[in-house]
Amino acid sequence: MIPLEYYLLLAAALFCIGIYGLVTSRNVIRVLMSIELLLNAVNLNLMAFSNYLDPATATGQAFAVFVISIAAAESAVGLAIILAIYRNRDTVDMEAFNLLKW
Amino acid sequence: MTLAEGVQLVSFGLLAIMVIGTALGVVLLPNIVYSAFLLGGVFISIAGLYVLLNAGFVAAAQILIYVGAVNILILFGIMLVNKNQPFSPVRRGWIRLFATGGVCLGLFALLATVVFGTSWQISSAVPAGDQATVLIGIHLFTDFLLPFELASILLLMAMIGDIVLARREILTDETPADAVSDALTLPERPRELVSATGETTED
């Protein structure tokens, strides 16, 4: 059986890649994709714990189903916000969206 | 999963390499369309990992929802905001790159220390396997009933919010002046553009 630590390490690496993309991306849509990477890393952790620590009841899988449904709603709303702000500002540069800065 | 030990390890290694490689491609490639397709690769590889983790139902849901819906939605978004603009370099942008890289590496080191420093209580119970689908259904309608209903309300709110956010204001009572050349366009309420270069007026 594969050790549990391998899955946790893989999820940690995916999470770190997602955070790097979230902070350094200039394109708005790439920021949205990085958020999806973060959510997938969390899901992978949930499923690994579900299989190794509590394999008989599948509670972690139910959690993962909830996370997937919330992620779908989140990406749809994020994309609608991006479309609205793109129509307003005519750019996709994150640095140009500084309307709320002082 | 009834695979042999070595087969599981080799498939895990291949899937892990695919996940990390495609995720790096998503973050680092300059072309956003390539990034979107590689994001589909990330989702499919993670679905493979779910199959290795005895969760066939969630793997199928992952492919259906992420690859079939979210990834297509992101591709639509890319094509709707299809703007090929060169980004003006930020002043002292390399500080941000190196600081973020350092923070991410530090976070990874911290997580790895925690992962290897904790003694996990591995259960020896028999995995649910294909019975997991029934178990998830039982969970959703007994002890997770309230989150389930809240999720349905949240999805409804997200749908209505999307329509409100992304719609355009179409004027229905005006007919276009030139009926031939404007046959494929709808009259849209004029809106004022906020200048993208930043306001330098009042402070």
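Analyst: **Helix contacts between the chains**

α3(A) passes α6(B) in a left-handed crossing. This description is of a predicted model.

On the α3(A) side, the contact is made by F66(A), S69(A), I70(A), A73(A), A76(A), V77(A), A80(A), I81(A), A84(A) and R87(A). Facing them on α6(B) are P147(B), F148(B), A151(B), L154(B), L155(B), A158(B), D162(B), L165(B) and A166(B). By class, this contact of α3(A) with α6(B) has 16 nonpolar residues, one polar residue and two charged residues.

Another helix pair joins the chains through α2(A) and α3(B). These two helices pack at an angle of about 170 degrees, with their axes 11 Å apart. Angles over 145 degrees count as roughly antiparallel, and α2(A) and α3(B) are therefore roughly antiparallel to each other. From α2(A), the contributing residues are I29(A), M33(A), E36(A), L39(A), N40(A), N43(A) and M47(A). From α3(B), they are V58(B), Q62(B), Y66(B), V70(B), I74(B), G77(B) and I78(B). The residues of this contact divide into nine nonpolar, four polar and one charged.

The aromatic residues come next. Over all chains, a search of the whole structure finds nine aromatic pairs. One pair is formed by Y7(A) and Y52(A), with 6.0 Å from centre to centre and 50 degrees between the planes, a tilted arrangement. Y7(A) lies in helix α1 of chain A (residues 4-24) and Y52(A) in helix α2 of chain A (residues 28-52), so the pair ties together parts that are 45 residues apart in sequence. Both counts of accessibility fall under the 20% cut-off for buried residues: Y7(A) is buried, with a relative accessible area of 1%, and Y52(A) counts as buried at 5%. Y7(A) and Y52(A) also belong to an aromatic cluster with Y6(A) and F12(B), so named residues of chain A and chain B both take part in this cluster.

In chain A, the loop between α2 and α3 holds A56(A) and A58(A). A56(A) is partly exposed, with a relative accessible area of 38%. Leaving aside residues up to four places away in sequence, A56(A) touches A125(B), V126(B), A128(B) and L135(B). A56(A) and A71(A) are 15 residues apart in sequence, and their C-alpha atoms are 26 Å apart in space. A58(A) counts as buried, at 1% relative accessibility. The phi of A58(A) is near 60 degrees, a positive value in a residue other than glycine.

In chain B, the loop between α2 (32-52) and α3 (56-80) contains N54(B). N54(B) is not a glycine, yet it has a positive phi of about 60 degrees. At 13% relative accessibility, N54(B) counts as buried.

Some context for chain B follows. Chain B has six helices and zero strands, and along the sequence the pattern reads α-α-α-α-α-α. Of the 203 residues of chain B, 27% count as buried. Among contacts in chain B with a separation of 6 or more, 44% are between residues 24 or more positions apart. P89(B) is found in the loop between α3 and α4 (93-117) of chain B. At 75% relative accessibility, P89(B) counts as exposed. P89(B) and P147(B) are 58 residues apart along the chain, and their C-alpha atoms are separated by 45 Å. P147(B) is one of the α6(B) residues that make the contact with α3(A).

How values were computed. Residues numbered from 1 in each chain as written. Chains lettered and ligands numbered in written order. Predicted model: local features only at pLDDT ≥ 70, side-chain atom pairs only at ≥ 80, totals over all residues. Heavy atoms only, no water. Left-handed = near helix turned anticlockwise from the far one by under 90°. Helix = DSSP H or I, 4+ residues; strand = E, 2+ residues; numbered from the N terminus. Contact = heavy atoms within 4.5 Å. Nonpolar A, V, L, I, M, F, W, Y, C, P; charged D, E, K, R; others polar. Phe/Tyr/Trp six-rings, centres within 6.5 Å; stacked < 30°, edge-to-face > 60°. Buried < 20%, exposed > 50% of the residue type's maximum accessible area, 1.4 Å probe, protein only. Axes fitted to C-alpha atoms, helices over the stretch in contact; angles between N-to-C directions. Parallel < 35°, antiparallel > 145°, perpendicular 65-115°, else oblique.
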